[in-house]
Amino acid sequence: MRVLLDENINWRLLRYFDADCQVTTVDRQGWKGKRNGELLEQAAKTFDVLVTMDKSIEYQQNIRKYAIGVILISARSNRLQDIQPAMLKVNQVIKDVQPGQVIHVNANVS
């Protein structure tokens, strides 16, 4: 599974993905600052999944037209300690996300 972390996700989250995931970041790809549509189009050529915290992406873009799945994490902030609780669920759903699909994962613990 080829996974791309959006620039709004802490890069240190890389180490929390299952071993069968090949994970890199938007920054490492040299795509920092790209608009969502351009990013999705470019990422779909190489990656299976985009992991983001950008809540507007599914409303601003027609995700169904892109050959990439999106996992949208909701957390208190984009600090590692706030996102990390979502990783168990992310690793579960990442195997099932389909191209053009958005899956929501909530990191907030009650």
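Contact here means heavy atoms within 4.5 Å. The legends below describe a predicted model.

**Figure 1. Contacts of Leu-5 in the predicted model.** With residues up to four places away in sequence left out, Leu-5 touches Asn-10, Trp-11, Leu-13, Leu-14 and Phe-17, and also Val-23, Thr-24, Thr-25, Val-26 and Val-51. Leu-5 belongs to the largest nonpolar core and is among the members that touch the most others. Strand β1 spans residues 2–5.

**Figure 2. Overall fold of the protein.** Five helices and five strands make up the secondary structure. Read from the N terminus, the order of elements is β-β-α-α-β-α-β-α-α-β. Along the principal axes, the C-alpha atoms fill a box of roughly 35 × 25 × 25 Å. The radius of gyration is 13 Å, which agrees with the value near 13 Å that a compact globule of 110 residues would have. Of the 110 residues, 48% count as buried. Among contacts between residues at least 6 apart in sequence, 56% join residues at least 24 apart.

Figure 3. In soluble globular proteins, nonpolar side chains tend to be buried together. The largest nonpolar core of this model holds 25 residues, of which Leu-5, Leu-13, Phe-17, Val-51, Ile-71, Ile-73 and Val-90 touch the most other members. At least two residues of this core come from each of the strands β1 (2–5), β3 (49–52), β4 (69–74) and β5 (102–106), and from each of the helices α4 (80–83) and α5 (87–93). Helix α5 gives the largest share, three residues.

**Figure 4. The largest pocket.** The volume of this pocket is about 150 Å³. Its lining consists of Asp-6, Glu-7, Asn-8, Ile-9, Asn-10, Trp-11, Thr-25, Asp-27, Arg-28, Lys-32 and Asn-78. Sorted by class, five of the lining residues are charged, four are polar and two are nonpolar. Among the lining residues, Asn-10, Trp-11 and Thr-25 are also contacts of Leu-5.

Figure 5. Ile-83 lies in helix α4. Ile-83 counts as buried because its relative accessibility is 0%, and the cut-off for buried is under 20%. Beyond its neighbours within four places in sequence, Ile-83 is in contact with Asn-10, Leu-13, Met-53, Ile-73, Ala-75, Ser-77, Asn-78 and Ala-107. Two of these contacts, Asn-10 and Asn-78, also line the largest pocket. The C-alpha atom of Ile-83 is 8.8 Å from that of Asn-106, 23 residues away in sequence.

Figure 6. Asp-48 sits in the loop that joins α2 (36–44) to β3. With a relative accessible area of 27%, Asp-48 is partly exposed. Not counting residues up to four places away in sequence, Asp-48 touches Met-1, Arg-2, Ile-68 and Gly-69. Between Asp-48 and Ile-71, which are 23 residues apart along the chain, the C-alpha separation is 11 Å.

Figure 7. Ser-56 is placed in the loop between β3 and α3 (57–60). Its relative accessible area is 27%, so Ser-56 is classed as partly exposed.

Key:
Residues numbered from 1 in each chain as written. Predicted model: local features only at pLDDT ≥ 70, side-chain atom pairs only at ≥ 80, totals over all residues. Heavy atoms only, no water. 1 Å grid on protein atoms, 1.4 Å probe; cavity = no way out; pocket = protein on both sides within 12 Å on 5 of 7 lines; lining within 4 Å. Points joined across faces, edges and corners; volume = space filled by probe spheres on them. Nonpolar A, V, L, I, M, F, W, Y, C, P; charged D, E, K, R; others polar. Core = buried A, V, L, I, M, F, W, Y, C linked by side-chain atoms within 4.5 Å. Buried < 20%, exposed > 50% of the residue type's maximum accessible area, 1.4 Å probe, protein only. Helix = DSSP H or I, 4+ residues; strand = E, 2+ residues; numbered from the N terminus. Rg over C-alpha atoms; globule rule 2.2 N^0.38 Å.
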